[in-house]
Amino acid sequence: MRKKIAAGNWKMNKTPKEAAALAEMLKPKMANDKAEVIFCVPYVDLMPVIDTVKGSNILVGAENLYFEDKGAYTGEISAPMLKEMGVNCVIIGHSERREYFNETDETVNKKIFKALEYGLMPIFCCGESLAEREDNITIERIRIQIKRGMKGLSAEQAKQVVIAYEPIWAIGTGKVATSEQAQEVCKAIRDVLAEIYGSETADEISILYGGSVNGGNAEELFKMPDIDGGLVGGASLKEDFEKIVKAF
Ligand code: PGA
């Protein structure tokens with residue numbers, strides 16, 4: 001049975017002190033036996049958040065990593081650094097990183113391999129732009145992102161990857177995909193995984209939806225057969241996140 005997941009993506013929000021306070025406020029509201037709860041936070045907030053949630057069900061993730069172990073890469077953070085801190089997972093290939101920091105399907109692929117090498121669960125993001133949706137090439141676009149992002153992964157490795165489908169036009173816009181639109185693409189993702197790895201493996205991979213998920217629409221989205229949870233930006237910074245983690 002694949003995992004259900006409610007993951008928060010704090011993006012570039014909260015100083016270390018603010019992060020500890022937010023984690024403290026959310027902690028008692030996150031108890032859950034149906035889904036894994038993850039806070040993905042800025043690098044400098046990892047330590048305070050890890051300390052704050054110790055002893056709870058909450059897992060902590062980073063929002064990026066670099067694909068080399070160490071060396072002359074000024075400003076970057078490696079998988080072994082994250083691992084040693086007690087980080088559990090890492091977002092890879094978020095559309096904001098693809099758009100503003102030149103991430104490509106190829107760097108995303110290298111980062112997924114590196115995360116897996118160090119036992120960090122990758123939350124691999126894909127999604128189409130508004131223009132791509134309007135041109136009716138959403139599914140083609142997503143299939144390419146999945147095939148390139150997961151290129152060379154064995155079935156065993158693929159099972160450890162969590163995929164987040166995040167239509168770019170729905171991120172931070174308040175314009176959520178309908179549950180049917182989200183389901184259609186999440187199903188297409190499972191289909192391409194089945195073509196590559198077989199349906200048994202595809203059925204074990206958790207696929208999340210992200211893009212303006214909130215306490216009011218989460219239940220409807222999470223009910224869909226191929227949506228195993230959410231990657232949540234804005235609403236993960238508020239009390240509203242409680243409704244999302246309880247929407248399973
Ligand atoms: P949003 O962001 O929930 O604020 O739309 C989602 C994301 O970017 O992961």
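Helix 7 crosses helix 9 in a right-handed sense. Right-handed means the near helix is turned clockwise from the far one by less than a right angle, and left-handed means anticlockwise. Helices are DSSP runs of H or I with at least four residues, strands are runs of E with at least two, and both are numbered from the N terminus.

A word on the source. This is a predicted model, where local features need pLDDT of at least 70, side-chain atom pairs count only at pLDDT 80 or more, and totals for chains, interfaces and linings use all residues. Residues are numbered from 1 along each chain as its sequence is written, and side-chain values use heavy atoms, without hydrogens or water.

Back to the pair. Helix 7 covers residues 138-149 and helix 9 covers residues 179-197. Their axes are 10 Å apart, at an angle of about 45°. Axes are lines fitted to C-alpha atoms, for helices over the stretch in contact, and angles run from 0 to 180 degrees between N-to-C directions. The two helices are therefore oblique to each other. Under 35 degrees is roughly parallel, over 145 roughly antiparallel, 65 to 115 roughly perpendicular, and the rest oblique.

Who makes the contact (heavy atoms within 4.5 Å)? From helix 7: Thr138, Ile139, Ile142, Arg143, Ile146 and Lys147. From helix 9: Glu184, Val185, Ala188, Ile189, Val192, Leu193, Glu195 and Ile196. By class, that contact has nine nonpolar, one polar and four charged residues. Nonpolar is Ala, Val, Leu, Ile, Met, Phe, Trp, Tyr, Cys and Pro; charged is Asp, Glu, Lys and Arg; the others, Gly among them, are polar.

Helix 7 also meets helix 5, residues 105-117. Those axes come within 8 Å and cross at roughly 45°. Helix 5 is thus oblique to helix 7. Helix 5 brings Asp105, Glu106, Val108, Asn109 and Ile112; helix 7 brings Ile144, Gln145, Arg148 and Gly149. The classes here are three nonpolar, three polar and three charged.

Now the arginine. Arg190 lies in helix 9. Is Arg190 buried or exposed? Buried, at 5% relative accessibility. The cut-offs are under 20% relative accessible area for buried, over 50% for exposed, and partly exposed in between, with a 1.4 Å probe and protein chains only. Beyond neighbours within four places in sequence, Arg190 contacts Arg2, Ala202, Asp203, Ile205, Ile207, Asp226 and Asp228.

Last, the whole chain. The protein chain has 12 helices and eight strands. Of its 248 residues, 52% count as buried.

Conventions. Contact means heavy atoms within 4.5 Å.
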